[in-house]
Amino acid sequence: MGIMPPVMWKVRVKDHPGSSLEEIQSEPDWAIGHEHRIGYKNRQDRFPGLTHADDEIEEAKEQSKEAKKEHEELEERTRKGELVNFRDIIKNQKDLSLRIPENRSIGWRYVLDCSEDWVKNQQPWPANNERKKKEEAKEDGKKQRQVQESSDDQESKPQQENEWKRDQGEGSKHHDAYGNGSDSGYSSDSNNYKTEYEKLIKNLKQNDGQQECPAIQNRTHISIDEADQFTPDNWLPRSSDLIRSTGKHPMNAEAPLSDLFSAGLITPNELHYVRNHGAAPRLIYEFHEIDVNGKMNLSMNDLKKEFKSINIAIALACDGNRRKELNLIKRSKGFNWGPGAVSCAYWRGPLLRDVLLAAGVLEELSKNQSQRRWVNFQGADEPSEGKYATSIPFEYAMDWTNDVILAYEMNGAPLPPDHGYPVRLMVPGYVGGRCVKWLKKIWVSDKENDSYYHIWDNRVLPSFITEKDGEFAEALFHHPDTACYEQNLNSVIAKPAQGERISLTEVRKGHTYRIQGYAYDGGHEVQQVEVSLDDGESWLYCVRKFPDAPIRHGNQYWSWLHWHVDVEIIHLLQAKSITVRCFNVFKNTQPKEPTWNLTGMMNNCWYVIRPEIVQGSSSDIPSILFRHPAEPASGQGGWMKPSVENQIAHAKQEAGAPQKQFTRQEIEKHDKEDDCWIVVNGKVYDATSVLSWHPGGKSAILGHAGKVHQTITEEFSGVHDGFAYQKLKECVLGIVTDKTMNFIKKNAEAAAKGEGQSEEGPDSITLQKHRWVPVKLVDRKPISGDTRTYTFSLPHDKVDLGLGTCQHIQLGFHLKDRMLIRSYTPTRPLLPSAELDSKSGAKGKVNHQPNNDTETNPALHDGTGTFNLTVKTYFPSSAQPGGAMSNILDCMPIGEEIEIRGPTGEIVYNGSGNFIIEDKNHHFARISLVLGGSGITPGYALIARILLSKGDETEIRVVDANKSETDILLKEDLDKFEMDSKGQLKVRHVLSHPNDGWKGLKGHVGEDVIKKNLFEPKESSVVLLCGPPAMIQKAALPALKDWGYIEDQNMFGF
C-alpha cells in the first residue's frame, strides 16, 4: 500500500528590518483622500500619475490544420532557444473562434499561450543577461550563509500536522398546521392523499434519452469578473451571481440558495455550482483528443458523429455540499460550501460503454473474465498535486442502464469551460468528484486508481481521524470503503430564505405560507419529504415535483426534486424551528445530528431553520426573521456559531507577532513571485517560500501579493484550518502601521458600500467597474512610424462608453497566467453623450454639462457605439522584446476582441472648472498639467473638453516631456487647440534628446521649467500629473511640493 508522501511544508522568511521610524512618521494619513496619491496603488491596482514603466522603456478543417502547424512551428522555435516576442506569438497563434465560432462555449475568449513574464524576463534577451550578471554578482557574498541555512534545513525536519496537533495537546485517540388549497400538501383527509398520489404517478413518465432541453434562460453573454484578472482563468466569463468560497482562485462557487431554487428544476448553466481544483485548462475543440485505453484517439468530431448520444437531466452534487455546518462544529480540511453545491442540468453525450466497445476493450479483457477491473479517467487540468484522475468499477461503467456518458453539451449548449469544455465524464447518481472534467484519457486497469486526488479526496473517514498524515489516517484514506461514489440522501429548505422576514401584520387566521426546498438521493427516488415545526415531534407531508419524464430504465431517478407544503402563518409564529427530512426507496431517512469528519463531506443531517421575533429596522411593527444554519463562504448570518473548540483555535491563531511595523508603501513593493508579501489580519507575512507547495496553487496567493486590503483576511479564514494558520505564523514579519490599518478599514468600508449599491446605469452604457466587457477592433490607422489610432466597437446594444472626462479605461488581453492590463484614456469620444444628457446624466458621479454648451460635431460625442485609443508602439529590438500591450494591439487581426473595464479614477471634470475628486466638489480656474510620454492622453481629454465647451473659460498650462520630437503624441491636435484658444491654453514641450532643428525647450523637467511655464500654487489653482515614474516622482513631484503645491488638496495624479 502506498503512503502519503511527506509534505515539505518548509517556510523560509527573508529578514527585513521593517519600516524606519522616519518612514512611519511621514506616512500619509490614509483616512483622508488617497485614490490619486501619486505613486501608490489605488483600488484598481493602478499607480495614479504614472505611466506603465515597461512600455516607456522600450475551409474549417484546413484552417485548423494550418493554425495547428503555425503554432507547432512557434513552439519548435522556442525549444531551439530562439528569442520570441509578442508580435511573433500573436501572428503564429491564430484565433480559430473567428473562423469556427460554432465549436466554442458561450463567451469564449482568445488567449495568447504565454505570459508577459516569460516573454520579457525569462528568455535570454541581452538586457536580461546583463541584469542576471549583476544579480549573480550580488549573490556571491551570500553563498556561505546559504550553505549554513541548507545545513540547518537538513537538521530540522518540517513538522507534520499530526505531530503539531499532539504538541497542541490533542489526544492520540481518537396537524393542524396545513394550509388550505388543492396544492397545499397533505392533511388528515384520506381523499387528499389519494388525489395527490394519483396526480404524482400520472406525471412520472419514462425518459427515452432523446428529450430536448426545456427553454431555460442560459445567458448569451457573460462578462469577466475582475476577481479573475490576475489568475490563469482571466479569459473565463463567469456569473457575478455565484458566491465564491475559495477567494479569487481556484474557482469554487455556488449560487445563493434562493436564486438556485427560483431558477427551477433545471438549473441554468451560469447558476450551476462550480468545483475546480486549479485553473480551467483552455482546450481547443479542433485539437482535443481522448486517448481511449491506448488503442484509439477520439477527436471531438468523432465523438459527436460516430456514436449515438442521449440527453438526460442529471442532478450533480459535490460531496462537500453543506460543509459549512460541519466547519462551525470543528474545522475540516475543506472550504465552506453552503447548501448550494448541487444543481440539475441536461447533459448530452454518448455512452461510455459504446466508446469502450469501439476501442475493443471486451476482446482484450475476455481472457480473464473473473478478474475485477476499473475504468480510469484523467483530465487535462494540472492542479497543485498533479493530474486529476479517478476510477469507477468496470462493471458499473459497462451497464447501459447506469447512463455513464461522455458529455459535450450542457442544457443544449457546448459545455462552459468551468464544467469541462469540450468534454467531461458524467456518472449519474455519483458525487461530482467522480465526474472528471476536461477529459483527456480513459483506460482500464486491474486495480483502483492510485492518483493523489483519488486517494486523498472524496472520502469520509471516522470522526476520530483529525489529520491526513498520521499512519492510521493513511491506511484509511487508501481503504476502498472510505471512498465516496453514490450521492447520499439529502434535503434542504430554500424558502423561507436566509434573512427573510414576515411582518406580524400578515399573521392572521387563514393566511398561509409555502415552505419549499429540494431533495435528492443519487439514482433513487426520494419517496417522502416531511417538514416539522416543533423540532421533530410531529411532521407534515410535502408535495413533490420532478422534472419532466424523470424515470430512466424503470427505476432510475437521476434528477433532484422540488417539494413544498403550505402552512398556516400563525403556526410559523408559534414554530420552534422549521425542519426537513426525506426518505428514499429503502425507507432510510436523514440523521438528526451531523457527523463531523476530516474532509467535511456527505453532511446530510436534518436541515433546520430557526425563526425569531425581531423589531423592524424601518418600521415599528415586529416581524418573524428566519435564519438558516449557515451562510456559504465567509457569511456570518446563520444561526450556527463557531463552537467553543473553534473559538479557542481562533484565539491561538491571533496570538503573537513581531512588533516590527511596515508602511503601505513598503508592503506594495513586494508584489512578485520571487518576493511575495501578504497582509492577513493586520500582520505582514513573507509568503514567497509557500508558493512552491501551496495546495491551492501559487495563483491563489499571488493575486494578493503586495496588496493592502481586507479581502485576503476574509478569504484565508474561510478556507484554512488550524495547521494552515500555524504555517502562516512561521512566515510572519511584523504588523502594519496604524495608518495602514486605517487604510485597510476605510477601503473595506468603501467596498462594502459599493457592493450595496447597484452598478446599473443607463442600459446603453458599456463600462462596468468590476467586470470586463469585450469590444471588437474594427480599424487601425497609422499616425506615425510607431503610433496608431485604434477604433473599437462596443457591444451592439451598448452605444455609450460611459467615461467621465479625466477618467480612464483599463484594457485587458488574455495571457495564460493572468490578464495583461494597461490603463488608457480614449482620444474619442471627447464630449458626453447627447442622449444621456437629455436623460439627466450618465452612470456614476459624472455630471455632464448640457450639450448646447459644446461644439456639435457628433463624432466627438459619446453614443456612436465606438471609441478610439491613440497608442505608441514600443517595438522589439535585438536586446529586448518591446512593449507587451502596444505590440499586441499593433498585430492583432481586425475583428479580434479585447476586454475593457472602468471607469477608473476618482477625478471627474464636469465643466467650467468644476471637478469631483473622491466624492468631493472642487473648483479650479487655473489648471497646470505635467505630462510625459503616453501620459499626454488624460491631459488631452481634459484640454479637449474645456476648449470644445462654449463658455468654459478655465485656463490651462501644460509641460509635456518626451525624448524626441517624434515621440510627442497628438502634437498636431495640441498645436491646433493652442492656436485656436487665444491664450487660454499654453503648451511647452521639453525634449531630452532633440535634433538640431528643435527650437523648443531642451533637457529635463525640473524646478526651473515648472515655475516658468505653470501656474503658481495660489487659490483656485491645481496641478495634475501623468508620466514616467522617474520623471514624476524624482523630478516633478519634489519641485511642485517645494513650490507650495500640496498632495490631495491641489495636486493629484491622473
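Here are some notes on the model, point by point.

1. Ground rules. This is a predicted model, where local features need pLDDT of at least 70, side-chain atom pairs count only at pLDDT 80 or more, and totals for chains, interfaces and linings use all residues. Numbering starts from 1 along each chain as its sequence is written, and side-chain values use heavy atoms, with hydrogens and water left out.

2. The cores. A nonpolar core here is a set of buried Ala, Val, Leu, Ile, Met, Phe, Trp, Tyr and Cys residues joined through side-chain atoms within 4.5 Å. Buried is under 20% relative accessible area, exposed is over 50%, and partly exposed is in between (1.4 Å probe, protein chains only). The largest core holds 66 residues, and Trp347, Leu352, Phe377, Leu406 and Ile442 have the most contacts inside it. Apart from that one there is another core of 55 residues, including Leu257, Ile515, Tyr520 and Val531.

3. Strand β10. Have a look at residues 374–379: 6 of the 6 residues in this strand are buried. (Strands are DSSP E runs of at least two residues, helices are H or I runs of at least four, and both are numbered from the N terminus.) Trp374, Asn376 and Gln378 point one way, while Val375, Phe377 and Gly379 point the other. In a regular strand, side chains alternate between the two faces of the sheet.

4. Neighbours of β10. Two strands pair if DSSP finds at least two bridges between them. β10 pairs antiparallel with β11 (residues 389–393) over 5 bridges, and Asn376 has Ser391 as its bridge partner there.

5. A mixed sheet. Five strands make an open sheet in the order β29-β33-β32-β31-β30, with mixed pairing. β29 (661–662) and β30 (671–672) are at the edges with a single partner strand each, so one side of each has no neighbour in the sheet. β30 joins β31 (residues 675–680) through 2 antiparallel bridges, with Lys672 opposite Asp675.

6. Cysteines. How many disulfides does a search of the whole structure find? It finds 0, taking a disulfide as a pair of cysteine sulfur atoms within 2.5 Å. For Cys731, the closest cysteine sulfur is in Cys676, 9.7 Å away and too far for a bond. Cys731 is buried at 2% relative accessibility, and Cys806 is buried at 1% relative accessible area.

7. A residue in a helix. Ile570 belongs to helix α18 (residues 569–574) and is partly exposed, at 33% relative accessible area.
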